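This briefing is intended for a reader who is meeting the structure for the first time. Please view the sequence and the model together before reading on.

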Amino acid sequence: MTHGMVSAPQPEAVEAGLDILQAGGNVVDAAVGAALVQTAVDPQMCGIAGFGSMHLYLADGDVHTCIDFHGRAPLATTPDMWEDLIVRECDDGFGFVLKGEVNEIGYQSMTTPLTIKAFDEALSRFGSRSLAEMLAPAIEYCEGEMLRNPDMARTYRRIAEHGVEDFYSGEIGKQIDADMRANGGLITLEDLASCETETVDPLWTDYRGHRVATNQPPGGGLMIVLMLNILENFDLAAMGHNSADYIATVSEAMKIATVDKDARMGDPRFFDIPFAELMSKDYAKAMAERIKRGEKTSVPRMNPGGNDSKETTHICVADRSGNCVTMTHSLGSSSGTVTDGLGFMYNNCMMVFDPRPGHTGSL
């Protein structure tokens, strides 16, 4: 294998991606096939009822774009529905703890899932193999591993046979809808039938002579642009990788970007993000000067603390022609909910919304 590469945390996913490339599939086929294997062998890190972002650079087809498939708040959501349930902010500052943990565990914690729709869309637009073909390695893992998941295998076989719309408007969708109604969930068949991914141009910045592309909000790309623009004002190489000065400088840049994320970066469909200022080199230089003066940025949190959770995964595929697909997909920290007979777990991405009305990330 000398004409391509696959990088992922799960060896099974890497092997599946390499097999697809060796069989003549392209980088999109390999990325989706490998990601589906990730859902089978690492089912609490990611799944077809999750969310994420896919970044595609296809030199062969002159394509450079991002498919955004972040979860959508169900149509039943209201801005103030959880305002009276706030207990505290999460330890890592990523969401809020509510009474009854309704935003984190169970049937109200999930956003409308878009992962399987995004996989199908990527293959339809840019792949050379069908979703049914790319589901086959994942189905084999579901049926053949020591820890078997025959329900998930049946679900995947049904999607392979009937297409992804079965998940969103067919029999699988109806099962999801019935389960939600029976257990007080927010997602309905209308949510499933109406949710769509978004195709957006990448965000761009220059970093030390390199052109860097990343994803648009509500993904985290704008934070990356801001951090790179700030760090461009420092001689990081002279500091030495992971030296005290290096870590302090990078940490301060990350803290500044986090504060701006909290205050000024929301979903652009609902929040007016000041892109021009946040992406400007002048703003970044001013932030760098603060760091050089020794000013420390405070990241406001209702309760200080932190954790080292592992609740998402990544896949990157590239070939010798310069084609590349990189994707993060996740269940959040997972809702713990599985519809009887379907075998997959739902995301709990409702926890990332701010239950306080009027904030950048409000419901």
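Which residues have the most contacts inside the largest nonpolar core? In this predicted model, they are Leu36, Met54, Ile116 and Phe167, within a core of 61 residues.

**Nonpolar cores**

- Leucine 36 is in contact with Ile48, Ile116, Phe119, Leu131, Met134, Leu135 and Ala138, when neighbours within four places in sequence are left aside.
- Another core, of 25 residues, lies apart from the largest one, and its members include Val225, Met227, Leu236 and Ala257.

**The second largest pocket**

- The space in the second largest pocket amounts to about 300 Å³.
- Its lining is made up of 16 residues, and those nearest the centre of the pocket are Ala40, Pro43, Leu147, Arg148 and Asn149.
- Two or more lining residues are given by each of H2 and helix H4 (131-144).
- By type, the lining residues of this pocket comprise 10 nonpolar, 3 polar and 3 charged.

- Helix H11 (244-264) is built from 21 residues, and its first and last C-alpha atoms are 30 Å apart, close to the 30 Å expected at 1.5 Å a residue.
- The buried residues of H11 are Tyr246, Thr249, Val250, Glu252, Ala253, Ile256, Ala257, Thr258, Asp260 and Arg264.
- These buried residues pack against helix H9 (221-231), helix H10 (236-239), H12 and helix H13 (281-292).
- Ala257 of H11 is buried, and Ala257 is also among the residues of the 25-residue core.
- Phenylalanine 270 is located in the loop between H11 and helix H12 (275-278).
- Phenylalanine 270 counts as exposed because its relative accessibility is 72%, above the 50% cut-off.
- The C-alpha atoms of phenylalanine 270 and leucine 363 are 10.0 Å apart in space, although the two residues are 93 residues apart in sequence.

**Cysteine 324**

- Cysteine 324 belongs to strand E10, which covers residues 324-330.
- With a relative accessibility of 24%, cysteine 324 counts as partly exposed, since this class lies between the 20% and 50% cut-offs.
- Residues up to four places away in sequence aside, cysteine 324 touches Val27, His55, Leu56, Tyr57, Leu58, Cys316, Val317 and Ala318.
- Between the C-alpha atoms of cysteine 324 and arginine 158 there is a separation of 30 Å, and the two are 166 residues apart along the chain.

**Backbone features**

- The peptide bond that runs from proline 217 to proline 218 is cis, and its omega is near 15°.
- Proline 218 lies in the loop that joins strand E8 (210-214) and H9.
- Aspartate 62 is not a glycine, yet its phi is positive, at about 55°.
- The loop between strand E2 (51-58) and strand E3 (63-69) holds aspartate 62, which is exposed, with a relative accessible area of 74%.
- Serine 334 likewise has a positive phi, near 70°, in a residue other than glycine.
- Serine 334 is placed in the segment after E10.
- Serine 334 is buried because its relative accessible area is 11%, under the 20% cut-off.

Key
Residues are numbered from 1 along each chain as its sequence is written. This is a predicted model: local features need pLDDT of at least 70, side-chain atom pairs count only at pLDDT 80 or more; totals for chains, interfaces and linings use all residues. Side-chain values use heavy atoms; hydrogens and water are left out. A nonpolar core is a set of buried Ala, Val, Leu, Ile, Met, Phe, Trp, Tyr and Cys residues joined through side-chain atoms within 4.5 Å. Buried means under 20% relative accessible area, exposed over 50%, partly exposed in between (1.4 Å probe, protein chains only). Contact means heavy atoms within 4.5 Å. On a 1 Å grid over the protein atoms alone, a cavity is a set of points where a 1.4 Å probe fits but cannot get out, and a pocket is an open set with protein on both sides within 12 Å along at least five of seven lines; lining residues have an atom within 4 Å of a point. Grid points are joined across faces, edges and corners, and a volume is the space filled by probe spheres set on the points. Helices (H or I, at least four residues) and strands (E, at least two) are DSSP runs, numbered from the N terminus. Ala, Val, Leu, Ile, Met, Phe, Trp, Tyr, Cys and Pro count as nonpolar, Asp, Glu, Lys and Arg as charged, and the others, Gly among them, as polar. The expected span of a helix is 1.5 Å times one less than its number of residues.
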